[in-house]
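Here is a short briefing on one protein model. Read it alongside the coordinates.

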Amino acid sequence: MSRNIDKMINEFNDKYFPGWREWENIYYSNAVAGEAGELCNVVKKSIGGGTKHDLRSPAEFDRDIKEEIADMAIYLHIFALKLGTKLDALIRLKMKELERRMNERRKVK
Ligand SMILES: [Mg+2]
């Protein structure tokens, strides 16, 4: 699955954003943060936060929340590729570390 996503992202970026591999890391970190902000804003509005004049239906909010999650994931994939690795490889490493920490915590109790 991930290989196909990485290939899709590489091809898309090479086609529409040539040179993306040379862009500064801050562009990618800010892009992830920006998409996280958009996600938070949609969730906030879905529970009546903000102006309370948003007329989106629950189904539309659900769709928009999923789109923002995808936006974040895409930027995370791109950032990982830009750094010469793959997002799923980073997640696997981190999950392994989390598993180690949880097992360590169980031993302490
Ligand atoms: Mg977005």
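Helix H4 (residues 87-108) is hardly covered: its count of buried residues is zero among 22 residues. A residue is buried if 20 or more other C-beta atoms lie within 10 Å of its own, exposed if 12 or fewer, and partly exposed in between, with C-beta atoms placed from the backbone. This is a predicted model, in which local features need pLDDT of at least 70, side-chain atom pairs count only at pLDDT 80 or more, and totals for chains, interfaces and linings use all residues. Residues are numbered from 1 along each chain as its sequence is written.

**Overall fold**

- The protein chain has four helices and zero strands. Helices (H or I, at least four residues) and strands (E, at least two) are DSSP runs, numbered from the N terminus.
- Along the sequence, the pattern reads α-α-α-α. The radius of gyration is 18 Å, well over the 13 Å that the globule rule gives for 109 residues, so the protein chain is more spread out than a compact globule. That radius is taken over C-alpha atoms, and the globule rule is 2.2 Å times the number of residues to the power 0.38.
- The C-alpha trace spans about 50 × 45 × 25 Å along its principal axes.
- Buried residues make up 5% of the 109 residues.
- Of the contacts with a separation of 6 or more, 70% join residues 24 or more positions apart. Two residues are in contact if their C-beta atoms, placed from the backbone, lie within 7 Å.

**Helix geometry**

- H2 (residues 25-46) has 22 residues and reaches 32 Å from first C-alpha to last, close to the 32 Å expected at 1.5 Å a residue. The expected span of a helix is 1.5 Å times one less than its number of residues.
- H3 (residues 58-82) has 25 residues and reaches 36 Å between its end C-alpha atoms, close to the 36 Å expected.
- H4 has 22 residues and reaches 32 Å, close to the expected 32 Å.

**H2 against H3**

- The axes of H2 and H3 come within 9 Å and cross at roughly 170°. That makes H2 roughly antiparallel to H3. Axes are lines fitted to C-alpha atoms, for helices over the stretch in contact, and angles run from 0 to 180 degrees between N-to-C directions. Angles over 145 degrees count as roughly antiparallel, under 35 as roughly parallel, 65 to 115 as roughly perpendicular and the rest as oblique.
- On the H2 side, the contact includes Tyr28, Ala31, Leu39, Val42 and Ser46. On the H3 side, the residues include Phe61, Ile65, Ile69, Phe79 and Lys82.
- The residues of this contact divide into 15 nonpolar, one polar and six charged. Ala, Val, Leu, Ile, Met, Phe, Trp, Tyr, Cys and Pro count as nonpolar, Asp, Glu, Lys and Arg as charged, and the others, Gly among them, as polar.
- The buried residues of H3 are Tyr75, Ile78 and Ala80.

**Two residues in H2**

- Glu35 lies in helix H2. Glu35 counts as buried because it has 20 C-beta neighbours inside 10 Å.
- Leaving out residues up to four places away in sequence, Glu35 touches Glu68, Asp71, Met72 and Tyr75.
- Glu35 and Leu81 are 46 residues apart in sequence and 18 Å apart, C-alpha to C-alpha.
- Val32 also has its place in helix H2. Val32 is partly exposed, with 17 other C-beta atoms within 10 Å.
- Apart from neighbours within four places in sequence, Val32 is in contact with Met72, Tyr75, Leu76 and Phe79.
- The C-alpha atoms of Val32 and Met95 are separated by 20 Å, at 63 residues along the chain.

**The loop between H2 and H3**

- Ile47 lies in this loop, between H2 and H3. Ile47 is exposed, with 8 other C-beta atoms within 10 Å.
- Ile47 and Pro58 are 11 residues apart in sequence, and their C-alpha atoms are 9.6 Å apart.
- His53 is found in the loop between H2 and H3. With 6 C-beta neighbours inside 10 Å, His53 counts as exposed.
- His53 and Val42 are 11 residues apart along the chain, and 13 Å separates their C-alpha atoms.
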